[in-house]
Amino acid sequence: MGVFFYITAAIAVFSTAMVVTRFNIMHALLYLIVSLLSVAVIFYLYGAPYMASLEIIVYAGAIMVLIIFFVMMLNLGPESTRLEKQWLKPGMWMVPALFCVILLGELVYLIAQNHTPVTGIKEVPPKAVGRSLFGPYILAVELSAMLLMAGIVGAYHLGRQQPKTLHRFLQSKPS
Amino acid sequence: MSAGHYWLVIGGVLFVILNTAAGLIWLERRMLALWQDRYGPNRAGPFGLFIVLADTIKLFFKEDWIPPFADKVVFVFAPAVVVASVLLSFTIIPFAPNVVVADFNVGVLFFLAMSSMGVYSIVLGGWASNNKYALLGAMRGASQMISYEVFMGLSLMGVVIMSGSFNLSEIVAAQKNGWFILPQCVGFFIFLIAGIAETHRLPFDIPEAESELVAGFHSEYSGMKFGMFFIGEYMGITLISSMVVTLYFGGWLGPAFLPPVIWFVLKTFVFIMLFILLRASMPRPRYDQLMEYGWKILFPLSLVNLLITAAIKLLI
């Protein structure tokens, strides 16, 4: 299991790095899908098959498809890749890299502080997820439902049929 | 399960599925022809059966052309996605008692996850072709498959509520006293329609609508790369048929005079025939009709089905 974890984690880290460094947005998105899939595999390895499936269905299968859909609508050609190359100069990486180094340092320090390996992994079956979602966490479920409702109302408002306006020449009915 | 049995099951499933996909070339052409009052393939071999061989050899020897304006890596990668995702879905299907590759306890969710991965082959294939017809087909495919996936999942949940499990073997076992087609007939129809849309077969073959979009998302594909899309489609038909059988028609359950595998195959072929019959008889809807039909009729219907099923389950 340890071997599988390290292989998957390496793929996740590598693909996420590729997401950040690609100039072509479609290739970046493809690497992001790979990264999400490898996170799903890690969920599965650590006893959360339900979370793993939801990660693939919701993130890799629905949200990423929508993002790709919009990128396709924008019809970004090689021109945008060239622009991206212009904008992303090496200097741009300095500050984010600094923050990441600080985070990495903290992480390494914390791992070094108490290096007990994860023990007592127990599998969480779908039923347990459902029970806790609609038991102790019912408030969060209801709140997110309200958020989604607001989204639906907003989408309906944007997409409702506009009253038809005709040019003044077309308004009079042909007699 | 011993290791030998395990490998035997994997090899057997792969062999049968791939050969079924190839055989469907012949079956589809023959059945289409019979329903149109012709005979169909009749030259190569007995009953024209060797047309499968001829078609495959032809595909292998065609020029494998990658257009110079295409995104090469993605172009090559896209046809593989559909075949891989459909083949992975077959791992969870119980063909007979103890004949299942992976007895996941999240089997139904795994099937949904893999079918949502299958969208990428259309989307990426269309995008990488760098051709306006392909792009239009890919965009239609993406919106069609995303919307139909939503209530495909919802219609399955009725079965999950009735059997109390995501595990397909347990779902089959729960149908011992009666198939789910009777209590879940609304769910069955929604799942079947969503399944046809997922495999983008006629009448829902809007991503490739040949009368308006050349060949849609695979306009630029030739040779065996086109063949992969084709095999993926046929395997998709087999997959949806066997999912319908597993979820609603009792899987391998049946009277004892035939072994369970035979029952499963027989039931699956009934639905494969239904797919072919639909192709022979249905006109293609317009794109906006398809979306409206999905979101305004099938989606509320699947929600109502889910609510009523849950209420009955609570009360009884």
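**How chains A and B meet**

The contact between the two chains takes 15 residues from chain A and 19 residues from chain B, where two residues are in contact if their C-beta atoms, placed from the backbone, lie within 7 Å. On the side of chain B that touches chain A, helix H4 (107-129) and helix H5 (132-163) each supply at least two residues, and the largest share, nine residues, comes from H4(B). Helices here are DSSP runs of H or I with at least four residues, numbered from the N terminus.

This is a predicted model, in which local features need pLDDT of at least 70 and side-chain atom pairs count only at pLDDT 80 or more, while totals for chains, interfaces and linings use all residues. Residues are numbered from 1 along each chain as its sequence is written, and chains are lettered from A in the order in which they are written.

H5(B), with its 32 residues, reaches 46 Å from its first C-alpha to its last, close to the 46 Å expected at 1.5 Å a residue; the expected span is 1.5 Å times one less than the number of residues. After H5(B) comes B:Gly164, whose phi is positive, near 70°.

Elsewhere in chain B, the axes of helix H1 (residues 3-35) and helix H9 (residues 260-281) come within 10 Å and cross at roughly 50°, the axes being lines fitted to C-alpha atoms over the stretch in contact, with angles running from 0 to 180 degrees between N-to-C directions. Among the residues that make this contact are B:Leu24 and B:Trp35 of H1(B) and B:Ile272 and B:Ala280 of H9(B).
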